[in-house]
Structure formats: structure tokens, C-alpha cells
Amino acid sequence: MKSVRRILDTTRHPKYAADVDHHYDDKYALVEFLTNITLAANFNCFTFLGVHDLTPLKDWAEKRSVSLRFVSEERCQFIKKTKRKAEEPVQTSKTFFGTKRVFEVIEEYWYQYEFDYEIFAFQGNDPENKIIITKHSCTCEILVEDDDKPPRPELSVPTPIDLDITWALSQLKSKDFTTNFSINRVDPKCHTPRRNTEVIQSLEYLSRLFTWAHQIFQYIYSQFLLPAKHGLDISKIHSNQVFVPSVPLFERKKREEGKRRDPSVALDANDFNVFLQEQVRSLQATFTEMETLFPSAIIEAERSVTVTESSELESDSDLVKTPSGPENLRSPRKAPARPKKPAPKPIQDFLISAIPAKLMVLLLHIKELCQQWLSSVDYVEEMIRKQLIAAIGKELTPKDFGDYMVFHNRKLFGEKYMPRFFSHAIRVPGRHPEGVIEINSVGDDGRSEPIQTIMRKTIAASPMSFSLTASTKVQFYGERYVHAYVAHQFSEAPPTRLNLVARARQLSSFIILVGRIPAPHVFDPTCAVIVKNKDLLTIPLIMNAIPTPKAFKAAVESMSPEMIRFAKAIRSMQLSDTLFGICVIQIRPQLEKLLKLPPDSLTQELKLNQDLLDLFLEYQIPSDLLTFDGYDDAPPFEKINRVKQYTAKMSDVIREANGGISESAQSARNSRTRKRSILRSATFRKVRN
């Protein structure tokens, strides 16, 4: 912001976009301004790099892709071996004739290192037909002491680094080569100024540009670390003073007379040009500083490093102007003009010279352009988010959205079709519930509540069946409920956690079977459990998403007929598993039918209920041993008493089989024990008297 205030007039007062009242369309205009000025600044950098004429690149982009490629080659050759005496002695001793010093002899291995790089543009996959943008070569001598191993490979050709600039060229007008980026706001895929097709394409290009600049910078920086004792401060190579023009600013302007609506708060074309001019000026100033810190010519003969440097362009052609005014990366050298020769001699330079230093500054600035654009566009999106939170009063969660859908459904559906909580009481008609079964959703705070589903209830007209064993099937009727549930979640949020919860009351029991419904009259249970006597059962439901019909159709579109048939067969199997089913069986009515007792006859027989469950579940007693075997028209109390007798006898048999005693024998033993205690107590009182 300080740089912007220095650039503009004192009458101008731009502010960050969030601090200025504006309309929603102004946010789109701001993102378009940021993207256009970033692309223009990017092409200014290409001009400094050596791209002086965009016409051939623009023509290439009309037919095929256009790419920039960075290539380099490294060569290292052994020159000579020398010996020298160390400056400090390794051993000192005094003798009759004076002090004796022993010096170590150091072997020095000298290598000639050559480093060349080139950046060029090419069309499609034909790098031979290229336009050279810039090239540079230099050599230096590397000294290695007491080690004959070469510091670098004899020949090394690193992998080329490519950048596709086709999209950036497509954003230029053919006449004046000005940027023409815009967002299609009527596109169904355009959701916000940040979330749309055009900005996503910009993000992809600038991400590639950032990676390209970063890789080249790291490579050249590694070359700067080779010479030792060069006396130059590499940390001075930075782009901190270069102006980055993509700043998310708005400015309130006065309404013109005769107009009802306030003018746009976005910056205009004049500001656009002023920002770009400041970028060019600051780049040129930084390049001048690099030329001062890293001179091209050797001015000190005692330098320990000797470098040879050559450039393809002549010095008088190094300065190239573009319509916008920036200079080429290779600015003119302050040396007397050389006479032209068929083979000009190379200029003696350092390896760490002004030309690669300026290239590194330019690459750092390109990286900052990409980072600043992304930060600015994300700033606009974050501004929308904060405004929405301020309007609502809180940050919405999937639970809040679900609560809103509950509120919305109350107005949308009639009473008959309104979604209801998935919570069902397990009961015999006209009797008190024996338990509850629910499907709950678990929130981020750990609290759970039943989900809401659209439900339809029917009375079974035909039976459904499930298999107990390979030879045993069970048919059942009863009430049937069909539920439809819509889960709400955000794109980056984890799926909603669902739990199947069942609770039984004291002295109550029922069976829950969980599985799937593969056919209209078939229930395929995968697990079953008995819930009784205040049990609380919680089963996590794991839901795996399968592709939608549209996604499935798009995926199999290019497959072979055999693969399509196979995919459809697997999908049909997956769809058969999507219909989740729960079957609840009440135990007490089934016991009454099994034992041939009248309906509701076991309702108040609590002890008999528990004894029967123990015999059936723990000891797996055959039901024939406990079933009423009298006349069908016998009174209900007679049937109950007969079953009680059979149950008591079977319990006694089990106790005797387990090494215990029967209940009647235990009662007689307890009676005799009480009589002996009374007799001893009476005898003790008589003795005391």
C-alpha cells in the first residue's frame, strides 16, 4: 500500500477492497483487473528476458501449443596438477642451529568448468524450429586440494525445463497485444469470482509459471555455489525492491451529474498503466544494482577464479525497447565498442556475473507475481465468506444446513408427506413399548439426534423371508416402512456419521436383524442381536459412495463392449446392496405362539418370561419339552400353569445335571436348618437360666 501511495497522486485514496463499499459485480471486475495486470506484468518479464516480438508466438498459438524451454550443458575437464607448500608449518622444533619447521606439501588439482544455458521458444513438439530468447556461457577454473576426484561430471546435460504459454498468448489481443481476460458470468459453472472456469485456467497457468521459474532459479543458484573465495555477496540477489502490481484495491469515486448509480470502485486503465510502468522502473533499478554488485569484466588481477563469458548478441544490440518500454535483461555494457570480426573473442568475466544475477532477480519477481495473484484472488473469496458470516451471524456447518432443510421441509411438504424422525417404538398394538430403535447422526460436538426421512408405511400383503440355515427359512408379515434419507455435507467435510441405536426397557426383549434387501420378497440379514433388560446397542453404519448414473455413463463411454457389460454387472450387484433393511422381531408374541399359549398370556408372567429365555438361549432346550400339550379349548390359566410346571421341572433337571440340588430339596434343607437353629437357641437360654 505504501508503494501504491507513492505512485499515485496525493488526491487519490485507494483502499483494500474489504474497506470500501461496493457491489457484487465489482468483485468480478477486481478479479479481472488482477488477472489482466498479472498477465501484462508477466509479459513485461518475458520482454526483459528477451521476447521482443510476440507476433510469431501469437501466430504459432493459433494452430498449436507454444512452449518456452530452458536447456543447459555442463562440462568439466582436468587441466593440471600442482604442488605448493602450506603457509603454516605442521611441526616446529628447536635445534642447535636454530628453529626447524616442517611444512606440508599440498597437491592441487585444477579443472576447467564450462556452463552454458539457453532459453528458446518452440511450437508443438518441434524444438528444432525455435526462436532463441536468451543464451549465456561462461567458464571458470575450479581448484580441488588433496583429492583427485572431479568436482563435477565430465559432461552433464540436465533435463530441459518447459513452460506452456499457449493460454497466456490466447489472452492477448491480436492488434495491440494488450491483455483481454474476462470471466463469463452467465456460465452455469461460474459460482463466485474465484470459483469459475476462467480463473481456474489462470491458476493452472500461473502455477506452471511459478514452478518453471523456481526450478530455473534453483539450478542457476547451485552454479553460483561452485566458485570459492569469489568475494561476492550472493544474498544481494533478491527482488524485494521490485513493485508487484497485482494489489486488491478499490477506490470510492464521486458520482457524475445526471447518473443515478455510483461509478465502479475498481481501478481504471490509467492506474493499470501506471502500475506497469512502476514495475518496469523498479526492475531496471534492481538490474542496475546487480550490475554494480556483480560486474561483468575482471577488474582485479588477483582474483582466484578466472571466467570466460560469451553472449550471442552484440553489445550494441543488447538494449531492445518494446511498446511498453522495458529493456532487455542484457543491458548494454559500459565498455568501448569492439570491431566486428568473423569470430569475436569472448569477454573475460566471472562465473557469478551480472547477466545470470539479473536473470535470477527476474525469476524471483515472476514467482512473486504468481504468489501475489493467488493471494489477491483468495482475498476476494475470503471477503465473500466473511461478509456471508457477518450476514448470518455464525459460520455454517453441515448440521446448520440440515436444520435449515428441516425448516424448509415444513413449508414445502404437507402434513402427510412431511419428513419424520427415524425413531420407532417397538410395541404390541395397545401395549406399552418394549424399546426404541433409531438411526442417529453424530455431530462434530459428539451430540447425536435422529435423522429425518421421508417415510411410507404399509401393511404386508405378501410375506418376506430370510434364511436361518441352508435348510431353514423364516417368513414374516407385519408393518413395513420405506425410508428415503438425504445427507447434507460440504465438499471438503467428512461424511456424516450414522449410528443404529436400539434401547430395551427393563424386563423386555426383542431381536434386531440388520441386512439388505436384494429382491422384493427376500431379506438377507448379515447380523442379528437380542436386546433385553435395559440394553443399549449402538452400531456404526459405514456408508460407501458409488458413482452416480451420470458419472458411470461417462466412465464407460470409451470402454470395450465386454468391459461395459462387466461394469454393468458389478454395478447391478452394488445397487442391490444399497437397499438397507432392518427387521425387528418381538420375542414375547413369538413365545406365545411357540408354546401354544393365548395372545398376551405372558404379558404379566415376568418370572416365567425370564426362565423361558434362559432355557432357550443359554441351554437351547427343545421347545417340545415346554409346549402346552393339552386340549386346545383348555382355559388360559390351565395352559399357563402347565407351561410353568414344565419350566420348573426342566430347571430342576438342569440344576441336578450341573451338580446342584433341586428347588424342593433346597427348600426342605433350609427348613431343617431353621429348626436346628431354633433348638440350639432355646437350649442356650435354658443353660443360662
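Residues are numbered from 1 along each chain as its sequence is written, and side-chain values use heavy atoms, with hydrogens and water left out. In this predicted model, local features need pLDDT of at least 70, side-chain atom pairs count only at pLDDT 80 or more, and totals for chains, interfaces and linings use all residues.

Side chains of opposite charge can pair when their charged atoms come close. A search of the whole structure finds 29 salt bridges (a side-chain nitrogen of Lys or Arg within 4 Å of a carboxyl oxygen of Asp or Glu). One of them joins aspartate 271 to arginine 12, with the closest N and O atoms 2.8 Å apart. This pair links distant parts of the chain, 259 residues apart: aspartate 271 is in helix H6 (residues 269-293), and arginine 12 is in the loop between helix H1 (2-7) and strand E1 (15-16). Helices (H or I, at least four residues) and strands (E, at least two) are DSSP runs, numbered from the N terminus. Aspartate 271 is buried, at 2% relative accessibility. Arginine 12 is partly exposed, at 23%. Buried means under 20% relative accessible area, exposed over 50%, and partly exposed in between (1.4 Å probe, protein chains only).

Glutamate 291 and lysine 358 also form a salt bridge, at 3.1 Å from N to O. Glutamate 291 lies in helix H6 and lysine 358 in helix H7 (residues 354-392), so the pair ties together parts that are 67 residues apart in sequence. Lysine 358 is buried, with 2% relative accessibility. Glutamate 291 is partly exposed, with 25%. A further salt bridge connects glutamate 107 and lysine 81, with the closest N and O atoms 3.6 Å apart. Here strand E3 (residues 98-123) holds glutamate 107 and strand E2 (residues 66-95) holds lysine 81, so parts 26 residues apart in sequence are tied together. Salt bridges also link Glu73, Arg75, Glu114 and Asp116 in a network.

Lysine 27 sits in helix H2 (residues 24-49). Lysine 27 is buried yet lacks a salt bridge, and the nearest side chain of opposite charge, aspartate 26, is 7.8 Å away. For charge, Lys and Arg count as positive and Asp and Glu as negative; His and the chain ends are not counted.

The largest cavity has a volume of about 70 Å³. Among the residues that line the largest cavity are Glu434, Leu507 and Arg588. On a 1 Å grid over the protein atoms alone, a cavity is a set of points where a 1.4 Å probe fits but cannot get out, and a pocket is an open set with protein on both sides within 12 Å along at least five of seven lines; lining residues have an atom within 4 Å of a point. Grid points are joined across faces, edges and corners, and a volume is the space filled by probe spheres set on the points.
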